[in-house]
Amino acid sequence: SGLAMVQTLLGAGWHDEARALLRQLTLLTPASIGPWLHLFALDPSALTNRGLIEAFVNHHACHPVAQAMALHLQHGGPRRDLSISSSTSASTEPSKVERLGTI
């Protein structure tokens, strides 16, 4: 699968290639949430790309991360400090890495 290839690329230290593959996966399979979450976790520039965030919100409007991003868009757009972990309210939530490992 695409995410397995991303993990292989990351394991080999090919981070740029993994990010590029994740961007392609969001285009090819926009209904799959895994590539989106991995992309936002691995590519800080994705969090400042309004078009990418809008596409994610449109495809996954019910997801808590998408809802948090939609609020940021409503209040002036993406900010550089927007992060997946800042969208959770409980401090007992698993970290980004722990959550991504369960996808």
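**Entry 1: Arg19 and its partner**

I started at arginine 19, which is partly exposed at a relative accessible area of 22%. The model I am reading is a predicted one. Which residue does arginine 19 form a salt bridge with? I found aspartate 16, with the closest N and O atoms 2.5 Å apart. Aspartate 16 counts as exposed, at 53% relative accessibility. I placed both residues in helix α2, three residues apart, about one turn of the helix.

**Entry 2: the other salt bridges**

I searched the whole structure and got three salt bridges. I took the pair of aspartate 43 and arginine 23 next; their closest N and O atoms are 3.0 Å apart. This pair links distant parts of the chain. I located aspartate 43 in the loop between α3 and α4, and arginine 23 in helix α2, 20 residues apart.

Is aspartate 43 buried or exposed? I read a relative accessible area of 8% for aspartate 43, so this residue is buried. Buried here means under 20%. Arginine 23 is partly exposed, at 27%.

I then checked arginine 50, which forms a salt bridge with glutamate 54. The closest N and O atoms in that pair are 3.1 Å apart. Both residues lie in helix α4, four residues apart, again about one turn. I have arginine 50 down as partly exposed at 38% relative accessibility. Glutamate 54 is also partly exposed, at 33%.

**Entry 3: the fold**

I stepped back to the whole chain. I counted six helices and zero strands. From the N terminus on, I read the order as α-α-α-α-α-α. Of the 103 residues, 31% are buried. I noted the accessible surface at about 6,100 Å², with 57% of it belonging to carbon and sulfur atoms. Among contacts with a separation of 6 or more, 38% come from residues 24 or more positions apart.

**Entry 4: the core**

How many residues does the largest nonpolar core have? I got 20. Those with the most contacts inside this core are Val6, Phe40, Leu52, Ile53, Phe56, Val57 and Met69. I listed the elements giving two or more residues to the core: α1 (2-11), α2 (15-28), α3 (33-42), α4 (50-59) and α5 (64-74).

What does phenylalanine 56 contact, leaving aside its neighbours within four places in sequence? I wrote down Ile33, Trp36, Leu37, Phe40, Val65, Ala66 and Met69. Two of these names, Phe40 and Met69, were already in my list of residues with the most core contacts.

Conventions:
Residues are numbered from 1 along each chain as its sequence is written. This is a predicted model: local features need pLDDT of at least 70, side-chain atom pairs count only at pLDDT 80 or more; totals for chains, interfaces and linings use all residues. Side-chain values use heavy atoms; hydrogens and water are left out. Buried means under 20% relative accessible area, exposed over 50%, partly exposed in between (1.4 Å probe, protein chains only). Contact means heavy atoms within 4.5 Å. Accessible areas come from the Shrake-Rupley method with a 1.4 Å probe; for residues, only the protein chains shown count as cover. A nonpolar core is a set of buried Ala, Val, Leu, Ile, Met, Phe, Trp, Tyr and Cys residues joined through side-chain atoms within 4.5 Å. A salt bridge is a side-chain nitrogen of Lys or Arg within 4 Å of a carboxyl oxygen of Asp or Glu.
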